[in-house]
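Please keep the sequence and the structure in view while reading.

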Amino acid sequence: MTKLELFEPAMCCSTGVCGPSVDETLLTITSVFEGLSQVSSVEASRHNLTSDPDAFVSNQKVLTLMKESGKDSLPITLVNGEVVKSGTYPSIEELTNYTGVVFVEQSESSSSCCGGSGCC
Amino acid sequence: MNVYDPNEIDLTPYLFFTGKGGVGKTTTACATAAHLADQGHAVLLVSTDPASNLQDVFQTSLSNKPVAIEGIPNLSVANFDPVTAAAEYKESVIAPYRGILPDSALENMEEQLSGSCTVEIAAFNEFAHVLTDKTIKSSYDYILFDTAPTGHTLRMLELPSAWSQYLDENTTGASCLGQLSGLGDKKDMYAHAVETLSKKDLTTLILVSRPQASSLIEADRASQELSQLGIMNQLLILNGLLEGADDALSSAIISQQERDVKQMPQQLQSITQYAIPLRPYSITGIDRLRAFLTDKPVEAIQMNQSVTPSATLQDMVDDLIQSNKNIIFTMGKGGVGKTTVAIQIAQSLVQAGKQVHLATTDPANHIHLYLNDTDKLTISHIDEEKELADYTEDVLSKARKTMNKDDLAYIEEDLRSPCTQEIALFRAFADIVDRADEEIVVIDTAPTGHTLLLLESTQSYAKELERSAGEVPISIQKLLPRLQNPDETEVVMVTLPETTPVYESMRLDEDLTRAGIAHSWWLINQSMYAADSTHPVLRARAENEVQWINRVADLSDGRFATAEFTPEFDTALTK
């Protein structure tokens, strides 16, 4: 079992639709985590600073990093409790390295046929 | 059209008053409540208007629990300020982490919780409490609300995603309903509240409008939006009809009112209408409240206030020229006349020999009715609907690739929030402000401080992602520092000399200050005091403006200008 945790800065929504441009990284992260929720060997979770500050405070490694470099340290990625990345989101390749799960981008047509989240 | 008399109308137990700031909905709601109570009905009036002056109206100290009003047996009033409630909510989220999380992180959280949506949800929460409280229901015959929920809030609450993972899992917290997260147990209460709103025999929506084109168009929009959500039982009250012309100004006002009422949007015409004449007094104290819906004269109150002298619009423009401003925004809520002020500023700048670009959110072909094209002045149109549609499509085309249907529906509704509209508009500002290197740019609308701060935080954060996501246009990255530079930017706060518009402007002002946006001038538009009419009703209205003119004088440290009342100020722009 791999435990993957992502600690993210406060933002109005996890998909990044509220910024001056659409943030495709966040859309990708959202779909990767949705995909991971169906993988039994990985326990993946996201914590947003606004809605879930407790998670930040109760994790000593995250709190230490934030005290050192403020909110610029976010987002922070943890694998099995160890910090593996700070300041930027992990790439798809890195996520594969962490979890052993390979992510395949679904084509446009398949998304419209099942209206799903990359699970069909 | 019949004169509005609540005792002559079959009313439902729940009455919601709605209308844009300054149309007199709180006054109408209070007078209705007083009349029903005087007939022997048990009445509760609930205010969720942040600019509410109910304490002055009833001369009673109020709280969010019903307080019996001395002097009006059978009437209780509860005053709930959603702005304070939203601030308290924000503090309750942040306080436990002070000194634990670094300041930069706390500021980041704070801004996310400062949007207008938070205030809307706080107000709805209060509606829902009152609508579902059994004790309240059995204690009162009539329950009146001086505001109504917006269509956006109601649609949000109807979405399945609002109640599923978006709120409960906390990981995908969305913008507008953030305040509801963790409140899944309130679902039944909200559902019951929404149901009550759509029952014809329980709820009436009372649309309050000025007899004026822009106000009627706004009422029509609210009417259609809420009837689509099942709130079909509606009444229209036209507040402030002037009678008996006796000088040029009063006869111009009367013909403008008659014409605008006759030409009101068609769907609005099918709603039962009532009129309230323009009264020569403002509502303070119970006697005046009781007189408001009758023709009874009230005793004049000697005001004895002196008015703070103000600059003219020309003085203000001279100052803007002297201090070399090249980016000028006019800011204010709808209906205060931002566009006419922007036009006047542009014209004065041209007369002073400046090269000017006027960007307006009103269709440019209407602006051309006012302005002669010269080689000194160019005009462009910011099409808000198109900007929003482009932005929405941009977001959805990307979201469709990854999201399931329910979450997508949620994003779609999120994109209809006021915050999103501002962000979409913001992208258009960037291109226009870019022109300010060669000419003076005048824009008839301005971004709020909240939008700017939100973008600032996403921007610095987008920079870190530049390699993978870097899509923030250069013009947007340059925009924020320019707007914060008082040497080139001025945001003129446009307001009206009335309660609600001044309160609304105060909130916009605080917001700009928070974002460090350069603003110093206030402009009081449509001042009856400055118009100097001989008509007794208009003269009395002018007297009432004095306190608000003085208030603006205070707020602006004396840097304010006044423009006199003109009856046609919004007509050409709404055709």
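How many helices and how many strands does chain B have? In this predicted model, chain B has 27 helices and 16 strands, and buried residues account for 50% of its 575 residues.

**Confidence**

- The model as a whole scores ipTM 0.74 and pTM 0.78, while the pLDDT of chain B averages 83, with 85% of the residues scoring at least 70.
- Residues 164–183 of chain B have a pLDDT below 50, although the model gives this stretch 55 contacts beyond near neighbours in sequence.
- Residues 461–470 of chain B likewise stay under 50 in pLDDT, and here the model has 16 contacts beyond four places in sequence.
- Where pLDDT is low, the predicted coordinates should not be read in detail.

**Domains and their contact**

- Chain B is divided into domain 1, covering 2–291, and domain 2, which is made up of 313–386 and 415–574.
- The contact between these domains of chain B draws 33 residues from domain 1 and 33 residues from domain 2.
- On the side of domain 1 of chain B that touches domain 2, at least two residues each come from α4 (103–112), α5 (116–132), α11 (213–228) and α12 (248–262).
- That side of domain 1 of chain B comprises 13 nonpolar, 15 polar and five charged residues.

**The seven-stranded sheet**

- Seven strands of chain B form an open sheet with parallel pairing, in the order β12-β11-β13-β10-β14-β15-β16.
- At the edges of this sheet in chain B lie β12 (377–381) and β16 (560–564), each of which pairs on one side only.
- Neighbouring strands of the sheet are turned against each other by 20 degrees on average, with direction ignored.
- Within the sheet, strand β10 (residues 327–331) of chain B pairs with strand β13 (residues 440–443) of chain B in the parallel sense over three bridges, and Ile328(B) stands opposite Val442(B) in β13(B).

**Helices packed on the sheet**

- Helix α15 (residues 313–322) of chain B packs on the sheet, where it touches β10, β14 (489–495), β15 (522–527) and β16 of chain B, and its direction makes about 140 degrees with that of β16(B).
- Helix α24 (residues 499–514) of chain B also packs on the sheet, touching β10 and β14 of chain B, and its direction makes about 160 degrees with that of β14(B).

Technical notes:
Residues numbered from 1 in each chain as written. Chains lettered and ligands numbered in written order. Predicted model: local features only at pLDDT ≥ 70, side-chain atom pairs only at ≥ 80, totals over all residues. Domains from an automatic or database assignment. Contact = placed C-beta atoms within 7 Å. Helix = DSSP H or I, 4+ residues; strand = E, 2+ residues; numbered from the N terminus. Nonpolar A, V, L, I, M, F, W, Y, C, P; charged D, E, K, R; others polar. Buried ≥ 20, exposed ≤ 12 C-beta atoms within 10 Å, placed from the backbone. pLDDT = per-residue confidence, 0-100. Pairing = 2+ DSSP bridges. Axes fitted to C-alpha atoms, helices over the stretch in contact; angles between N-to-C directions.
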